[in-house]
Amino acid sequence: MNNVFVYCEIEGTTVQEVSQELLTKGRKLANQLNVELHAVVAGTGIKDKVESQILPYGVDKLFVFDAEGLFPYTSAPHTDILVKLFKEEQPQIALMGATVIGRDLGPRVSSSLCSGLTADCTQLEIGDFDDKKTGKHYSNLLYQIRPAFGGNIVATIVNADNRPQMATVRSGVMLREILDPDYKGEVVYSDVAKYVPEVDFVVKVIDRQVEAAQNNLKGAPIVLAGGYGMGSKEGFQMLFDLAKELHAEVGASRAAVDAGWVDHDRQVGQTGVTVHPKVYIACGISGQIQHIAGMQDAGIIISVNNDSDAPINTIADYVINGTVEEVIPKMIKYYKQNSK
């Protein structure tokens, strides 16, 4: 009762990183609330294959639903599983990834339970809330924090009365960290037939194609990101040349993507990828809040910009004042000479 729940998304028998990130955050939230962390996973042929990918993150109780028709994902059976399970277990918080699946499943579950849902959160915290209209005080609510109004403000949203408090979070926003490789949590192998009627399996996936990521932006230790200040698609080539020398990945701001200079899967920010590299080099990027939301947790931030007043400079550890046309070729030349 009133525990923290995480829906674990899978690909075949592999638990997705975003779910493991949420398990890490869920464990911390559960500790603050002095409750247990529970998880639920549904798929086909997953028994004895997913437990070791979930329990080590500090899961006290794992519900496994294993049956034909639960993978690939379709809306109806997964929705019925969560709705009925949540009615039984009465969690106070439920988290899932802001993925294609999470964006389909989350609203269906929250609508069925009349619970509300905050999408694309960038932070989750526990705190109190005073309702000025009713004068009522609420303790230990989930602060669901996300950019709003095009990223111009950061909104903190609370769900005071309805449960569970539901939120989706993008991949890469939270850190993934195993609590204990030998963590002993209870595993419940649920009877799928009690939760899912046969009619739910009417919709079947005839063909399914999954395209592998073309880059390792989320996992790269060094990210070189270019903005509109790169000037052109040809200008972006300088970043790829420098990335080759540094063994780095190339990212971009939304302005550069919108200009057609680089593919969308390299976009860093609120509407792109969130990264946590050891070193983030921002080249020709002004640093709007939408972009900063996706890279502010980098270990070291270096800004290359000819505008000394650019917003990115306020969060940068080092600022190189100059044009990208001047600075980047010098960096390429230096690293070529010193990498031999």
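Ser110 is found in helix α4. Helices here are DSSP runs of H or I with at least four residues, strands are DSSP runs of E with at least two, and both are numbered from the N terminus. Ser110 has a relative accessible area of 8%, so it counts as buried. Buried means under 20% relative accessible area, exposed means over 50%, and partly exposed lies in between, using a 1.4 Å probe and protein chains only. Leaving aside neighbours within four places in sequence, Ser110 is in contact with Ser115, Gly116, Leu117 and Met166. Contact means heavy atoms within 4.5 Å.

This is a predicted model, in which local features need pLDDT of at least 70, side-chain atom pairs count only at pLDDT 80 or more, and totals for chains, interfaces and linings use all residues. Residues are numbered from 1 along each chain as its sequence is written, and side-chain values use heavy atoms, with hydrogens and water left out.

Move on to Cys114. It lies in the loop between α4 and β7 (117-121). Its phi is positive, about 55°, although Cys114 is not a glycine. Its relative accessible area is 58%, so Cys114 is exposed.

Now go back to helix α3, residues 75-89. The expected span is 1.5 Å times one less than the number of residues. Buried residues of α3 include Ser75, Pro77, His78, Ile81, Leu85 and Phe86. What covers the buried residues of α3? The cover includes strands β1 (4-8), β4 (37-43), β5 (61-66) and β6 (93-97), along with helix α4 (100-113).

Pro72 is found in the loop between β5 and α3. A cis peptide bond joins Phe71 to Pro72, with omega about 0°. Just after α3 comes Gln90, with a positive phi of about 50°. Gln90 sits in the loop between α3 and β6. At 37% relative accessibility, Gln90 counts as partly exposed.

A cis bond also joins Arg163 and Pro164, where omega is about 0°. Pro164 is found in the loop between β10 (153-157) and β11 (165-169).

Helix α1 (residues 17-33) holds Lys25. Is Lys25 buried or exposed? Its relative accessibility is 14%, so Lys25 counts as buried. Beyond neighbours within four places in sequence, Lys25 is in contact with Leu124, Glu125 and Met174.

Next comes strand β13, residues 222-226. Of its 5 residues, 4 are buried, so β13 is largely enclosed by the rest of the structure. Strand β15 (residues 279-283) pairs with β13 in the parallel sense, over 5 bridges. Two strands pair if DSSP finds at least two bridges between them. Ala225 has Ala282 of β15 as its bridge partner. Strand β14 (residues 249-252) also runs parallel to β13, joined to it by 4 bridges. Here Gly226 stands opposite Ala252 in β14.

Helix α5 has 14 residues and reaches 20 Å from its first C-alpha to its last, close to the 20 Å expected. Its buried residues include Phe236, Met238, Leu239, Leu242 and Leu246. Seen down the axis of α5, the buried residues fall within an arc of 160°, so they line one face of the helix. The arc is that of the directions from the helix axis to the C-beta atoms. On the other side of α5, Lys233, Glu234 and Lys244 are exposed. The cover over the buried residues of α5 includes β13, β14, β15, α6 (254-258) and α8 (324-338).

Ser232 caps the N-terminal end, with a side-chain oxygen 3.4 Å from the backbone nitrogen of Glu234. Just after α5, His247 takes a positive phi of about 55°.

Finish with α8. In α8, Val324, Val327, Ile328, Met331 and Ile332 are buried. Seen down the axis of α8, its buried residues fall within an arc of 130°, so they line one face of the helix. They pack against α5, β15, β16 (300-305) and β17 (318-321). The face of α8 turned away from its buried side carries the exposed residues Lys330, Lys333 and Gln337.

Terms used: A polar contact is a pair of N or O atoms within 3.5 Å; within protein, one must be able to donate a hydrogen and the other to accept it, and residues adjacent in sequence count only if both atoms are side-chain atoms.
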